[in-house]
Amino acid sequence: MIRNLQLTPDGKLHHLLTLDGLPARILTQILDTAESFVSIGDREVKKVPLLRGKAVFNLFFENSTRTRTTFEIAAKRLSADVFNLNIATSSQNKGETLLDTVANLSAMQADMFVVRHASSGAPNLIAHHVAPHISVVNAGDGRCAHPTQGLLDMFTIRHYKGGFHNLTVAIVGDVLHSRVARSQIHALTTLGCPELRVVAPKTLLPREVESMGVHVHYTMETGIKDCDVIIMLRLQNERMQGDLLPSAGEYYKHWGLTPDKMKLAKPDAIVMHPGPMNRGVEIDSDVADGSHSVILPQVTFGIAVRMAVMSMVAGS
Amino acid sequence: MNLPDPNRLLDRLVEQIRPHLHPDSALLGIHTGGVWVMDALLERLGLDLPCGVLDIAFYRDDFSRIGLHPEVKPSNIPFELEGRPILLIDDVLYTGRTIRAAINLVFDYGRPASIRLAVLVDRGGRELPICPDFSGVKMDLEAGQHISLERDDHSQLRLMLRQAAP
């Protein structure tokens, strides 16, 4: 159902809701298109006229600085008009339903909605109800998906490693609560990564995670050994309050990425993190700022990848 | 219809272009056919001029009707464009819309001293006030006819003419 919703009858990307079920052809097309947008950042005029006259609404029902800002920059570099809605102070608090909010914005001639929501499936719900000319891009929903983050991570890996077919990739940390991890796993398996590992304490892994095509490791010693790519996930502070973990210090000792543990990976391994980082919890500052880290290039590439997604869905 | 040999057209183009080149001239070829023509011109000119590649996909005026081209390539202008005389090169000039897009693209990199246009084939049918400064041949083709430049594995160029289905 979701898959049909994302693609037009002739196979073009119309909404981006999840990477689950998107064919490799589309993923590769997004990465290739993003490649062309990267160099625009080095030009005198960092804009192209593709989305001139289009109205893009950023609907962030959940806070995010980095994602909202990079979507805004991406839309502006495509020459779209961007409207940021601060939902926390809006009519949703007066009891308006999500679909009424969207219907009202559609009546203001919206062409695209970029949606972040704490509830899984909210962007799908919107995509089901908008007029056919409107596209929806998921900017993170609940525990479900964060497709543009997954794509910018694929772009980063391809940029530094040239492809996916000979790579060993480890995703380390709170996979259970992470929409980013889900999107990464779907993309990496679709793009042909032969050895994909998740590394975490048992309490932070979804049940039957192996069915997603990953190898499970409970220790860093085996988990990141000989890896080409290490993706660290943020340990959300609120997880500490429950009984999933003993303490931040204990977590750092076993699953935090330190310079010592980095020696287990390949000498040219890259370290990624979707941000925001908890230094001294899941990642040591010496690693985050060290020579293996590509965490800031990820952010820059995120703009080009979001430009690619927005221009593809707007032209479908 | 007998189509001209692109090599003869290139020889003619080189003769026209050579007197107009400045010491700081640079060449920009439009992806893909224009780049082939640019490569062939450079070889014939025997000069070491700076050159770049333009992909106009992000500047097309029919984006909202047909969407983004699935195989867009990065544009690459590896020289300072500001103040330089630019020779813009394409294979076939038809409506002029590609050239309009290419000129807009060039100005997003800086302000050149001038832009001149060289095309291998001017096939007529203009929809914009754009005229080539140099052309290998002028042909009057019907709207349903499609002429294109192709390059084989041995870098040999040839022109192809197709008739659109009625």
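Predicted model: local features only at pLDDT ≥ 70, side-chain atom pairs only at ≥ 80, totals over all residues.
On to the aromatic rings. Over all chains, there are five aromatic pairs. I'll take two of them.

First up, F37(A) and F58(B). These two are stacked. Their centres are 4.0 Å apart, with 10 degrees between the planes. This pair crosses between chains. F37(A) sits in helix α2, residues 24–38, of chain A. F58(B) sits in a loop of chain B, between β2 (51–54) and α3 (63–66). Buried or exposed, F37(A)? Buried, at 2% relative accessible area. F58(B) is buried too, at 5%.

Next, F57(A) and F83(A). This pair is also stacked. Here it's 4.9 Å centre to centre and 25 degrees between the planes. F57(A) is in strand β1, residues 55–60, and F83(A) is in strand β2, residues 81–86, both of chain A. So the pair ties together parts that are 26 residues apart in sequence.

Now burial. F57(A) has 5% relative accessibility; the cut-off is under 20%, so F57(A) counts as buried. F83(A), at 37%, is partly exposed.

Last, charges over rings. In chain A, the charged end of R306(A) sits over the ring of F71(A), 4.9 Å from its centre. In chain B, look at R123(B) and Y94(B). The charged end of R123(B) sits over the Y94(B) ring, 3.7 Å from the ring centre.

Terms used: Residues numbered from 1 in each chain as written. Chains lettered and ligands numbered in written order. Heavy atoms only, no water. Phe/Tyr/Trp six-rings, centres within 6.5 Å; stacked < 30°, edge-to-face > 60°. Helix = DSSP H or I, 4+ residues; strand = E, 2+ residues; numbered from the N terminus. Buried < 20%, exposed > 50% of the residue type's maximum accessible area, 1.4 Å probe, protein only. Lys NZ or Arg CZ within 6 Å of the ring centre and 35° of its normal.
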